[in-house]
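My notebook is open, and I am going to look up a few things in one protein model. Here is what I wrote down, entry by entry.

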Amino acid sequence: MLLLWAFIKSYIFWFLLFAFNRFIFIVANRHELIGIQISETAYSFISALNLDLSMASYFGTITFILFLFYSVFRFKFFIQLNSFLQYIFIIACEIAFAFEIPVYLEWHSKLSRKAVLYLSHPSEVYYSSTPKEFFGGLLLIFLLCAFFIFIYHRWFRYKNSLTKFYLSIPVIGILLFPLLIVLGIRGGLQEIPIQQSEAYYSKSNFLNLASVNTLWNLGQSFWENRKDDGTTNPYKLYSDAESKKIVSELFCVKKDTFPEILITKNPNVVLIILESWSADLLKSLGGYDSIAPNMESLISDGIEFTQLYSSGTLSDQGHCSLLSAFPSQPCVVIMRQPDKFQKLPSIVSHFKKRNYFTAYYFGGQLEYGNIKGYIYFNKYDKIIEGKDFDKNIPMGKLGYHDQFLFGKLLNDMPTFRQPFFTTAFTLSSHSPYDYPGETKYFDWGGDENMYVNGAHYADSCIGAFIHEAKKQSWFKNTLFVFCSDHSHNTPRHNDFYDPRSRQIIGFLFGDVIKPEYRGIKISKMGNHNDLANTLLKQLGGDVSPFFWSKNLLNPYTKDFAYSADEHLNFFFDKNNAYVYRYTDKLFLHKNFHSPQDSARIFRYGSAYLQELYKQYLGY
């Protein structure tokens, strides 16, 4: 019976470890608890029990088998092996948990396969964090591992050894415990095995995610992607013919008509990709009124898209959306697969065919997310990244600050052959949000204080850049296009499933805009992958390669936007929105104007993702 008691104690240990980690996770993100009662927060520990039991049962399978072997063969090796494996499980659990804290802070999601693929590049992790965060995280892993290994070794490890041969696990235990373990793993006798949604109980997405077991979720994420063999479409709900028909209907416009807003068909074009800029940073989009005064000034004399949304959450996804008009897909990133991204269309190729000089500028290192491979493949005539800057210039953790990025760009642009297409990717609004002098512009913002300060600094750099650009001869014939690569959490802490959390910045500026169109707002709902069609239509270009892009200046274009995350499909129009998870066929959020809208919008959104992923597989 001692072995059975040791087996039961191992479950108790894992429940305590999971609960302790959950408590630390909640404390680390306590800002999410504003307006939430203590009782609702405390219930997350109760709601988590089924998934915690399932995860503990996976570990329990190994323990039971080794205890059974020890009971029969009397080799201490099996007991020692079990202890060793438990230590390995503890280390794995605490590493995953320690990484989940910054993953949630940055992406508002659990640790997943996508996050692990990102974390598999240590240099990116290091340079994206402050020394305090990086080494503090390592220290946290060490302390948690040491603490729980000590606890397990001292009070939960099986220490007894048998002095004579006998079957120390009763026959009833041999028959009963495997059944109980299986039931624990699958969550009971119900037809459908346990899913993450088993732990969901609150309107707060944070509390629901806190209730989901970290290792269980991570394992499920890898398991669900096991079929990603390049041939299977996990988002297929309709026949190929039906989904194609639905998407064609979605993109169909009655008339190909739009206002011609530019005074020329061949302007210079400067695309400024704004790192992590949320719509909350602009007063003109219903956000704060003091963070971006320079861009607000440009918008007042330009054309702003007030209903623009990001299709993904990463910079590499944003680049593909902006430059190739290819929306993001759940769980995969096409830019990290050269064999696929080489088949994408590109607005860079369009400009090169029109004899434009092309250039790409970034103050950091382009290895992140394989952006470098994508940029080089698209054959920009001039590519500048961090290694090309003067080493005497002060440098931040991730690279050279935005003022030096724009300074180098301004210095080089007079040498560009006109017309030119230039892309500049900002940096200072990305963690760790460092900038020269690190003057703290704002004291408010809570946990996002550094983000709003970094954004304010970036805005000042943009203002200085435009101020100096106006003095250049090329300015009069230049269209400036500003657009976020993706959104970011803000002091408002928008709900993860709220479309607002995905809303981004997009506007046009320059003397090439006809005076009568300056200062107008375009409320057509869309994504940043709609830039290609919208821009190229103004230039008289061929938009046929950009299937997933629509003209936001065409009044007949349908209002809708799409976004993706781990097995999640976000889809919304002016009156409806939903978030659907494919792993367990569950609506995590839905706000439909009517039952008819419910059927129509889900039909559009699910067919959109099915066709998009089908195209991804075909590349």
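**Entry 1: Tyr 433 and its loop**

I began with Tyr 433, which sits in the loop between S6 and H18. Its phi is near 60°, a positive value in a residue other than glycine. I kept in mind that this is a predicted model. Most residues other than glycine have a negative phi, and most peptide bonds are trans. Is Tyr 433 buried or exposed? Tyr 433 has a relative accessibility of 11%, and the cut-off for buried is under 20%, so Tyr 433 counts as buried.

In that loop between S6 and H18 I also found Pro 432. The peptide bond from Ser 431 to Pro 432 is cis, with omega near 15°.

I then looked for a positive phi elsewhere and came to Ser 276, at about 60° although it is not a glycine. Ser 276 lies in the loop between S1 and helix H12 (293–300). With a relative accessible area of 1%, Ser 276 is buried.

Where is Pro 419? I found Pro 419 in the loop between helix H17 (402–412) and S6. The peptide bond that joins Gln 418 to Pro 419 is cis, and its omega is near -5°.

**Entry 2: the sheet**

S6 kept turning up in my notes, and I went on to the sheet. I noted an open sheet of 8 strands with mixed pairing, in the order S5-S4-S6-S1-S7-S8-S2-S9. The twist from one strand to the next averages 15°.

I picked one pair to follow by eye. Strands of a sheet pair through backbone hydrogen bonds, either parallel or antiparallel. Strand S1 (residues 268–274) and strand S6 (residues 420–425) pair in the parallel sense, over 5 bridges. Ile 272 stands opposite Ala 424 in S6. Helix H13 (residues 315–324) lies across S1, strand S4 (357–362), S6 and strand S7 (478–484). H13 runs at about 160° to S6.

**Entry 3: the largest pocket**

How many residues line the largest pocket? I noted 43, and Ile 101, Pro 102, Leu 105, Ser 129 and Glu 133 lie nearest the centre of the pocket. Its volume is about 1,400 Å³. The lining divides into 22 nonpolar, 14 polar and 7 charged residues. Several helices each supply at least two residues of this lining, including H4 (76–107), H7 (131–156) and H18 (449–469).

**Entry 4: the cavities**

My search of the whole structure found 8 cavities of 30 Å³ or more. The largest cavity has a volume of about 300 Å³. It is lined by 22 residues, and among the closest to its centre are Gln 196, Asn 217 and Arg 581. Which helix gives the largest share of this lining? H10 does, with 4 residues. By class, the lining of the largest cavity has 7 nonpolar, 10 polar and 5 charged residues.

The second largest cavity has a volume of about 250 Å³. Of its 15 lining residues, Trp 107, Ser 487, His 488, Asn 489 and Ser 501 are the closest to its centre. I sorted this lining too: 2 nonpolar, 11 polar and 2 charged residues.

Key. Residues numbered from 1 in each chain as written. Predicted model: local features only at pLDDT ≥ 70, side-chain atom pairs only at ≥ 80, totals over all residues. Heavy atoms only, no water. 1 Å grid on protein atoms, 1.4 Å probe; cavity = no way out; pocket = protein on both sides within 12 Å on 5 of 7 lines; lining within 4 Å. Points joined across faces, edges and corners; volume = space filled by probe spheres on them. Nonpolar A, V, L, I, M, F, W, Y, C, P; charged D, E, K, R; others polar. Pairing = 2+ DSSP bridges. Axes fitted to C-alpha atoms, helices over the stretch in contact; angles between N-to-C directions. Contact = heavy atoms within 4.5 Å. Buried < 20%, exposed > 50% of the residue type's maximum accessible area, 1.4 Å probe, protein only.
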